[in-house]
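Dear colleague,

Please find below the structure that I am handing over to you. My findings follow directly after it.

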Amino acid sequence: QVQLVESGGGLVQAGGSLRLSCTASGSIYSINAMGWYRQAPGKQRELVAVITSDGSTNHADSVKGRFTISRDNAKNTVYLQMNSLKPEDTAVYYCNAGVRTRTLRSLDLWGQGTLVTVSS
């Protein structure tokens, strides 16, 4: 079974920082793009940042200059460093990855979500 497990959410004051991690485990052959999405109460899920297998990144305009996505391919892990957090960053953050298993199945996986709360 292949799964994504997230960690690193929590409560932080405005202006503070958090680092989210997401690790893929199981029978993995390769991982393509990995990304972070978020969903605030009453809003649709939105893309925060994405990183390809060769390290190319794209960040949403709302987080550019504050958040940085990175990955460690040896650890099958993607990170989201979040600095200068604002109350409007409060949301459940979800990890997403395109995974090919050792049996060559292609899976679009989601993590369970981790809550980030930014207090003013």
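Strands, like helices, are DSSP runs numbered from the N terminus, a strand needing at least two residues (E) and a helix at least four (H or I). The model is a predicted one, in which local features need pLDDT of at least 70 and side-chain atom pairs count only at pLDDT 80 or more, while totals for chains, interfaces and linings use all residues. Residues are numbered from 1 along each chain as its sequence is written, and side-chain values use heavy atoms, with hydrogens and water left out.

Overall architecture

The protein contains 11 strands and zero helices. Its radius of gyration (taken over C-alpha atoms) is 14 Å, close to the 14 Å that the globule rule (2.2 Å times the number of residues to the power 0.38) gives for 120 residues, so the protein is as compact as a globular protein of that length. The C-alpha trace spans about 50 × 25 × 25 Å along its principal axes.

Of the 120 residues, 39% count as buried. Buried means under 20% relative accessible area, exposed means over 50%, and partly exposed lies in between (1.4 Å probe, protein chains only). Among contacts (heavy atoms within 4.5 Å) with a separation of 6 or more, 55% come from residues 24 or more positions apart.

The nonpolar core

A nonpolar core is a set of buried Ala, Val, Leu, Ile, Met, Phe, Trp, Tyr and Cys residues joined through side-chain atoms within 4.5 Å. The largest one here has 30 residues, and those with the most contacts inside it are W36, V48, F67, V78, L80, M82 and Y93. Several strands each supply at least two residues of this core, including strand 3 (18–25), strand 4 (28–39) and strand 9 (91–101). Strand 9 gives the most, with five residues. Beyond its neighbours within four places in sequence, Y93 is in contact with residues that include L20, W36, V48, F67, L80, M82 and V116.

The disulfide

How many disulfides does the structure hold? There is one disulfide (a pair of cysteine sulfur atoms within 2.5 Å). It is formed by C22 and C95, whose sulfur atoms are 2.1 Å apart. The pair links distant parts of the chain, with C22 in strand 3 and C95 in strand 9, 73 residues apart. The torsion about the S-S bond of C22 and C95 is about -80°, so the disulfide is left-handed. Both C22 and C95 are buried.

Two individual residues

T77 lies in strand 8 (residues 77–82) and is buried, with a relative accessible area of 6%. Leaving out residues up to four places away in sequence, T77 touches C22, T23, M34, S70, R71 and D72. The side chains of T77 and T23 are joined by a polar contact of 2.9 Å. A polar contact is a pair of N or O atoms within 3.5 Å; within protein, one must be able to donate a hydrogen and the other to accept it, and residues adjacent in sequence count only if both atoms are side-chain atoms.

A33 is found in strand 4 and counts as partly exposed, at 31% relative accessibility. Residues up to four places away in sequence aside, A33 touches V50, I51, T52, R71, N96, A97 and G98.

With kind regards
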